[in-house]
Amino acid sequence: MHTEFVVVEGDFANAGKASSDIKKTLKQLNIDNGKIKKIVVAVYEAEVNAIAHAYGGNIYVDLDSEKISVVIKDKGPGIPDIDLAMQKGYSTASPKVREMGFGAGMGLPNIKNNVDFLDIKTQVGVGTEITMVVNF
Amino acid sequence: MSESYFYHALKINPDICIGCTRCMRNCPTQAIRVRDGRATIYENKCVDCGECYKVCPSGAVFVAEDDFESIYNFKYRVVLMPSVFMGQFPEDISASQIYSVITQLGFTHVMEVETSALIYSGIVNYYISQNEDKKPLISTYCPAIVRLIQVKFPSLVDNLIPIKAPVDLTAMYVRKKLTDDGINPKDIGLFYITPCAAKIAAAKTPVGEDESIIDGVLNMDTMYNMVLKKIKQEGSNYKKKQSANDVSSDGIILTLTNGEKRLTNFKKSFAIDEISNVMEFLEKVENDEIEDLEFLELRACDQGCPGGILTCGNRFLIKDRMMQRAKKWAERERNGVSSRKKEIFSQDEYLIANSQVGKILPRSMMKLDEDINIAFQKLTTIKEIERKLPHTDCNVCGAPSCGALAEDIACNNASLSDCVFVQRNLEVRNSLNIEESIEIMKKIWGEEKLKEFILNK
Ligand SMILES: Nc1ncnc2c1ncn2[C@@H]1O[C@H](COP(=O)(O)OP(=O)(O)OP(=O)(O)O)[C@@H](O)[C@H]1O
Ligand SMILES: [Mg+2]
């Protein structure tokens, strides 16, 4: 089953739309609560990143009875040093973003901790594509 | 499935229901459907919040209560009276008058429900301090919220604080006190005056416990009428009875929104009331969107228990009277005229030792099937059906929304042709004739509402 969402740049107020929708679907499938939490937290972080650091983007969700796979794709500035970005506490968030309670540099490490598979393709000046999978 | 058994205090009288859909449209868990012209409740989705009762224009939604005469099955009859009960009466009626009249109605003892307030909050605070890893911890004070979390936010059940409600602690205390005085436990009957349906349901089938300590429930509106009538009859000639000194100022306002939170000491905690507000917030909690959250006091009714469906009078006025009473009490406590620590503290060890409830289990109403493959099939069907529906949420199919209809269809509780838009479509294609359409409508809306159509055909 395939679903798509659009993420709008700077629209922090609507962050969490995709993760909430995914959550509802997984509850309907009676997926283990712990697994639901993992993917929801990971998608939420990636959503916020696309809103905060890129110019919005698209989310593609593919679901079957064994796993959920989510791709978050943006046409943003890209991540120059991915190893650095993956470190806990590393953040380039603007003061404005920090004011909204984001920018602790915990998003990417948090995603990594929660998913069973993570792949980040990024190119400076072109964009970032994050694929994550949680197995049921 | 015995574990899915849920006692519901809210019921719909089919003889009075006019099939207007107001309850269905306002139900926060989409638990109501219209069939044969009457509202019906999906029991596993209902959390007894009472929103349907509030909006019903015909009085068809009612709250089942025990027969008052059943108090006489016991030699010693204790009435458990919540502070919100007192708050309903106008200022010129004194607490001692209420105590006096309620005793004359047939009770041998009067005990205020919030007598155990400080012991309760002490136990809760201790539990939170010992369960850092389960934060945010969520109060189980409001039983509608407990049920809401079980059915709609099952991932949060482990965050619920598994401690008995104040009414149960107080009930345990009275029972202990009277038995210690030499009374046979079999002769003691405890009757709880309830402000809402959820509290009745909780008293009948407590979550996480095998049986209830409460012997009967009395609806607050019924009791209010009985007491007020007697007061009016007696005028100022009533026999004075000293109101008891069991409840403290903190106890009087425990049941108001913020009544629990104010007795805690956390950096990040919230007191939220009104079920839709609570649901909005829990959605965020479930997504881990709110960092460092420690404690949540959640109440299904606006203003807390004064907003309960069985209270009489305006909730803001009730709340104000409770605040006034608490203020008076607090002044006496400050002046040393009375103490915050009441007699109940002589039993604190016993109460603390027996304060835990068993495991609170999730009871998800969201799941389409236990088997993931079947659930997945149903989900696919739902998505397909949703594409065919008009998304007008017009209610004509007898479901609260197009989404709910799609789910009902996938679960074989409705059919696609229940949708009027689909019916017109089928008629155009000659797959359905007018008589058949009317037959479908009759199943949903009943003979009565369709009779003109049938006669004029
Ligand atoms: N989609 C993206 N496009 C461009 N840069 C990104 C993107 N996602 C993350 N980054 C970069 O990686 C850094 C680390 O991201 P991470 O999510 O771990 O922390 P953060 O977003 O800064 O703070 P937090 O997630 O804790 O609110 C960001 O500060 C940003 O420089
Ligand atoms: Mg981030």
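Which residue in β11(B) is the bridge partner of B:L137? In this predicted model, that partner is B:F295. Let us start from this pair and walk through the rest of the structure.

**A parallel sheet in chain B**

The pairing of B:L137 with B:F295 belongs to the contact between β7(B) and strand β11 (residues 295-299) of chain B, which run parallel and share two bridges. These strands are part of an open sheet of three strands in chain B, ordered β7-β11-β10 and paired in parallel. At its edges are β7 (137-138) and β10 (269-273) of chain B, each of which pairs on one side only.

B:K135 and B:P136 are joined by a cis peptide bond, with omega at about 5°. B:P136 sits in the loop that runs between α5 (117-130) and β7 of chain B. As background, most peptide bonds are trans, and most residues other than glycine have a negative phi.

**A hairpin and two positive phi angles**

Chain B also has an antiparallel pair: strand β2 (residues 32-35) is joined to β3(B) by four bridges. Within this pair, B:R33 has B:T40 of β3(B) as its bridge partner. β2(B) and β3(B) make a hairpin with two residues between them. In that turn, B:D36 has a positive phi of about 55°.

A further positive phi, of about 60°, belongs to B:D48, although B:D48 is not a glycine. To find B:D48, follow chain B into the loop between β3 (38-41) and α2 (51-55).

**Where chains A and B meet**

The size of an interface is often given as the accessible area lost when the parts come together. Here chain A and chain B bury about 2000 Å² between them, and 56% of that area is on carbon and sulfur atoms. The contact draws 21 residues from chain A and 23 residues from chain B.

Between the two chains there are three salt bridges. One of them links A:K23 to B:E283, with 2.8 Å between the closest N and O atoms. On the side of chain A that touches chain B, the elements giving two or more residues are α1 (17-28) and α2 (33-52) of chain A. The most comes from α1(A), with seven residues. By type, the residues on this side of chain A divide into eight nonpolar, eight polar and five charged. Across the same interface, nine residue pairs are in polar contact.

**Around ligand 1**

Ligand 1 has 20 residues around it, and those that come nearest are A:H53, A:S91, A:T92, A:G103 and A:M106.

| Residue | Part of the residue | Distance to an oxygen atom of ligand 1 |
|---|---|---|
| A:H53 | polar side-chain atom | 2.7 Å |
| A:S91 | N or O atom in the side chain | 2.5 Å |
| A:G107 | polar backbone atom | 3.1 Å |

Technical notes:
Residues numbered from 1 in each chain as written. Chains lettered and ligands numbered in written order. Predicted model: local features only at pLDDT ≥ 70, side-chain atom pairs only at ≥ 80, totals over all residues. Heavy atoms only, no water. Contact = heavy atoms within 4.5 Å. Buried area = accessible area lost by both parts, 1.4 Å probe. Salt bridge = Lys/Arg side-chain N within 4 Å of Asp/Glu carboxyl O. Polar contact = N/O pair within 3.5 Å; in protein donor to acceptor, adjacent residues only side chain to side chain. Nonpolar A, V, L, I, M, F, W, Y, C, P; charged D, E, K, R; others polar. Pairing = 2+ DSSP bridges. Near = heavy atom within 4 Å.
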